[in-house]
Amino acid sequence: MSANTFTFTCVGSDASALSTLHSKLQAAIGTAGSAWPEPLGSIFSEWDQPSVLSASLLGTTLRFSMDASAHDALENEQIIALHAAGAEYLRVQVFNSQVGESDTSHHHAGKRISAKAFPKPVLSEGDRLYELVLESKDGALAKEIKAGASPDATAHGVPLFMHALREGMMKSVRAMFEARVDLAPCLPWATEAAELIGLHDGYKREAMLAALLAVPGADVAALSRSSRVVQAVCVHPKLLQWLLAQEGVDVNARLYEEEIEQEIGSLLFHSVEFFEDRADVLSVLQAAGARSVPPVKMSDLARLDRLQWGYRDAETPAQLAAAGVNLDTSVWRDDCPVLRSVLRNYQGAQRDLRLVEDLLDAGAGVSGWLTPEVVRQEVLATLLDWYWYEEGAAEGERPSALDGERAGAILGIFRRLLERGLDANTAVVLSADTLASRDEAFATPRVRYEGSLLGAVACLLCARGSELRSLCLPLVELLLAHGADAQAPCQRVAGHPGSDGTRIWVRGAWPEINLPWPEGASALGCLLQRQAQAPDPIDAAVIAALSARA
């Protein structure tokens, strides 16, 4: 939805009036316009669901920003009302997201004035530098610091260094660090500072973290138990080694996660999610005698989450089921148990295929969420889309061809799903695209398919020419064994039939995969016609299987 974003800069001589207006703007943040205090409610009553995004008061300068609908415009009566509320001079910057254009106007006493006539705010050094933070002028603030402005300036009782960190202004942060900023005033926010420093790349990151932890008065033992601090530090093995050598630091202590306000496991227990089991970090932990210490108590959801993502010491589906954990617990929004989540997030890893099999074997259910749409998008497009295999091969993580182990896992998953209630006659609508041309955007050759699941497998996704060819016969036999109709009509249209249906990438001899077939023909009819034109041993076996069930 397009919107106008208004940024108001108000300059006035009545500090009390500006302070009152500022407090009312702060009260309006996160509330509906109908509940805004006066005079804000009256000034913006004609706008369509406006919202106050932020408000700050620096000396005699008040700045606030608002979102409104694209058709909302600032009228002269509103400008006069803001003047009356304390804004003697008013600068209005409007950004329209629909067209990506902005406009700025300046006002005094109800009239427009030039930009030169708009007074410069009278600010302390800290507030002047903080204004650059509010305006996201990273380069300008860094330039000020390099030119001699104090890196130890504060605004609203918070160090400028923290303000810049929170806004991701890393040029300024680095400039302050190089200017030897005093990090001691940042200690009340030390865990937040460490986390924010760790989130940004750069050659100064490790040095900044080391300097923060070495500030006199820093409680290093307490900081070493903060998950926010440890996550930032542990990607730097030398710094981690230093931290673990400090007095009072226990490598096996359970960490504390501030966001959920509870203890979690030790650093080694969280090695996968914190540093992806990097060998150099593990070496440091091993030398320090690290053990994988789980939290005292874990929720079922946390245990399922560790299972899905393959974290250290994760329990197996069978172990979780034996412990009374409900495998059908939704792990993300409604109707998304861990089985569905694994399928939905699949990116070609063999481990995920094995996990799906193990979950089904341990009793995970499918009846509550396995709709025809989910079958298309989260089963077919997951298991028979070649994109993930090629991506994995490019990264050197997975084979570029469908090996026997992977093929067996895919067939095993289909068998288990069919046994659990997947309808072998599910109707599917999909768009098959050739992977060889995926970077050509809308020029990509495409086939639209509508019909049975059986036809999609036998005549398109695993058809002759497809690199999933080895799955064709066993998958067809599996579908037939579970009641698939060999005579169910199918339809496919070449060209660019639109974006309806699920998109699946195929790899192989596209001209062969893309051969036309009679309109409304069944999978059996299509294969008989093709076999008459050019015999194929796999198609012959598939035709025999289909004919036996026809």
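Ser 136 counts as exposed, at 51% relative accessibility. Here buried means under 20% relative accessible area, exposed over 50%, and partly exposed in between, with a 1.4 Å probe and protein chains only. This is a predicted model, in which local features need pLDDT of at least 70, side-chain atom pairs count only at pLDDT 80 or more, and totals for chains, interfaces and linings use all residues. Residues are numbered from 1 along each chain as its sequence is written, and side-chain values use heavy atoms, with hydrogens and water left out.

Ser 136 sits in the loop between α4 (125–134) and α5 (138–146). Helices (H or I, at least four residues) are DSSP runs, numbered from the N terminus. The phi of Ser 136 is positive, about 55°, although Ser 136 is not a glycine. Most residues other than glycine have a negative phi, and most peptide bonds are trans.

Asp 277 also has a positive phi, near 55°. It lies in the loop between α13 (271–275) and α14 (279–287). Asp 277 is partly exposed, with a relative accessible area of 30%. The peptide bond from Glu 38 to Pro 39 is cis, with omega near 10°. Pro 39 belongs to the loop between α1 (15–28) and α2 (40–43).

Now to helix packing. How do α9 and α12 pack? Helix α9 (residues 205–213) meets helix α12 (residues 237–244) at an angle of about 10°, and their axes are 10 Å apart. That makes α9 roughly parallel to α12, a term for angles under 35 degrees. Axes are lines fitted to C-alpha atoms, for helices over the stretch in contact, and angles run from 0 to 180 degrees between N-to-C directions. Glu 206, Leu 209, Ala 210 and Leu 213 of α9 touch Lys 238, Leu 239, Trp 242 and Leu 243 of α12; contact means heavy atoms within 4.5 Å.

Ala 184 and Leu 213 are 29 residues apart in sequence and 9.9 Å apart in space, C-alpha to C-alpha. Ala 184 lies between α7 (170–178) and α8 (190–198).

Nine of the nine residues of α22 are buried, so α22 is largely enclosed by the rest of the structure.

Technical notes:
Helix = DSSP H or I, 4+ residues; strand = E, 2+ residues; numbered from the N terminus. Parallel < 35°, antiparallel > 145°, perpendicular 65-115°, else oblique.
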